[in-house]
Amino acid sequence: MGYLIGADIGSQSVKAVLLDPDGRTVAEAGQACVMQHPNSGWAEQDPADWQTGLTIAVRQLLTRSGVAPSQVTHLGLASQVDGVVPVDDRLQPLRPGLIWLDRRAARQAAALAQELGPERIFATTGLNADASHIAPKLMWLREHEPATFRQARCFPPVGGYMLGWLTGTLAQDHANASSTLLYDVRTGAWDDEMLAAADLDPAILAEIRPSAQAVGTLTAEAAADLGLSRNATVVVGTGDEHAACVGAGAIVPGLVADVTGTAEPVAVTAPSPVFDAEHVVETHAHAITGLLLVENPGFVSGGSTLWCAASVLGIDQAALFELAARAPAGADGVLFVPALSGATVPRWNDRMRGTFAGLSMNHGRSHLARAVVEGCSFALRDVVGRLDALGLAGPQIAVVGGGTRSELWLQVKADVTGRVVRPVRASEPTALGAAILAGLAAGTFTDAADAVARTVPPSTRRYEPDERTRPVYEERYAQYRALYDGVERALA
């Protein structure tokens, strides 16, 4: 057995880890990516940025570890979900990718809901008829860019596109397929009724395969770019939050996985589909075959802290948390709704937008910073509350991603949710989850449980709810919900 590489193809960066034949992480690397926002509610990325990011990250792994290219035998990717890249017959992109943050297809999503009914769609797909998902985006492309739509051979998700570049084969796993609005979460296959309603031919979709299945070896071009051997095998891979759940050890029911990145998916593992009557959480396929992931696929969380730091306060993201710590719990009444690109909590609404409220002359920069941290934590409470009501949430929250670096944020999450919060020690859990899938194909691990036991170190940090803050956070949370309701009505 050889070395394994797992990579996280995100919207802010590409991150990668290198595991030795025993499953130990021996090197990590990363490279920033850029998003474009041509119009309000639009979000795109140049697919070349993902390729460049992966190339730089993989070469950094080899340099930092001293591992020879021939020693790397398997590669797996965990990629942002709900993006789509039209490709031609040579698998070249025909336009920038529409990523998960893009909400231009609201009218197309509404048309699907009108034709079939939102309840019928939810009962089949486990999803809300929302513009973030892929089917409405394909419908928008067909309507607004017909030449591109006709020229495209296929419309793979981000991970499927990257797989095509790496191996020459287009495919996607069940986790990615389950977020298209075209997949029956009960049967694990494309749904004819959804395809007919969207007027889409399944031939234009990347084939569905298991996430840990070997697809093939690297093409000559990809091997040369990455600095790896052409003999390196690539697995299908999975979605980013799905891999993060694997990297957090969330492969058993009850453990709440809180993936704090640009967005903040919150999920629990389930053995069978769960249909939330309030539609706050959706059911997706898990990265691990045979399991499902009941999740809210993410409100804009790290994206909100980055926006506030860069665009409002003129500081870097890390400094925002230092500034927030100077303000008291409850931010002296300042509130923030983290809906900078629509909302998925406490209700899905693509017209919803972010809001500061409660400002007065005594407030300063620290109060704004604290309000953003607390607003994102209130949104987390919205999701955990629904999981609790459905009988799915255990007593602990495992936090993964960049949010684990802030002691303040972790404590606020514990205080606001009333649950024990444990940050996962793996510094790059999403990339680790991708490497685990590669290791399952390589035979490094006997199964997912063996992989988690050997690669996910137990957390030594534990954040208990502080009872002293409970009264203020109960009051602020009620005000936050009232603020959301008021803004939603104003924007209706």
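In the predicted model, E282 makes contacts beyond its neighbours within four places in sequence with G126, L127, N128, H133, L293, V294, E295, P297 and W348. E282 lies in strand β16, which spans residues 282–285. The residue is buried but forms no salt bridge. R103 carries the nearest side chain of opposite charge, at 9.1 Å, whereas a salt bridge requires a side-chain nitrogen of Lys or Arg within 4 Å of a carboxyl oxygen of Asp or Glu. The side chain of E282 is instead joined to that of H133 by a polar contact of 3.0 Å.

V294, one of the residues in contact with E282, also belongs to the largest nonpolar core, which has 57 residues. Within this core, V256, V294, L320 and L387 touch the most other members. The largest contribution comes from helix α13 (residues 365–389), which supplies twelve residues. With residues up to four places away in sequence set aside, L387 touches V256, V266, V268, V281, V294, L392 and A393. A separate second core comprises 48 residues, among them A7, C33, V72 and A232.

Helix α4 (residues 134–144) is mostly covered, with eight of its eleven residues buried. These are I134, A135, P136, K137, L138, M139, W140 and L141. The elements that cover the buried residues of α4 include β6 (97–98) and the helices α2 (106–116), α5 (146–151) and α8 (192–198).

Note on methods: Residues are numbered from 1 along each chain as its sequence is written. This is a predicted model: local features need pLDDT of at least 70, side-chain atom pairs count only at pLDDT 80 or more; totals for chains, interfaces and linings use all residues. Side-chain values use heavy atoms; hydrogens and water are left out. A nonpolar core is a set of buried Ala, Val, Leu, Ile, Met, Phe, Trp, Tyr and Cys residues joined through side-chain atoms within 4.5 Å. Buried means under 20% relative accessible area, exposed over 50%, partly exposed in between (1.4 Å probe, protein chains only). Helices (H or I, at least four residues) and strands (E, at least two) are DSSP runs, numbered from the N terminus. Contact means heavy atoms within 4.5 Å. Lys and Arg count as positive and Asp and Glu as negative; His and the chain ends are not counted. A polar contact is a pair of N or O atoms within 3.5 Å; within protein, one must be able to donate a hydrogen and the other to accept it, and residues adjacent in sequence count only if both atoms are side-chain atoms.
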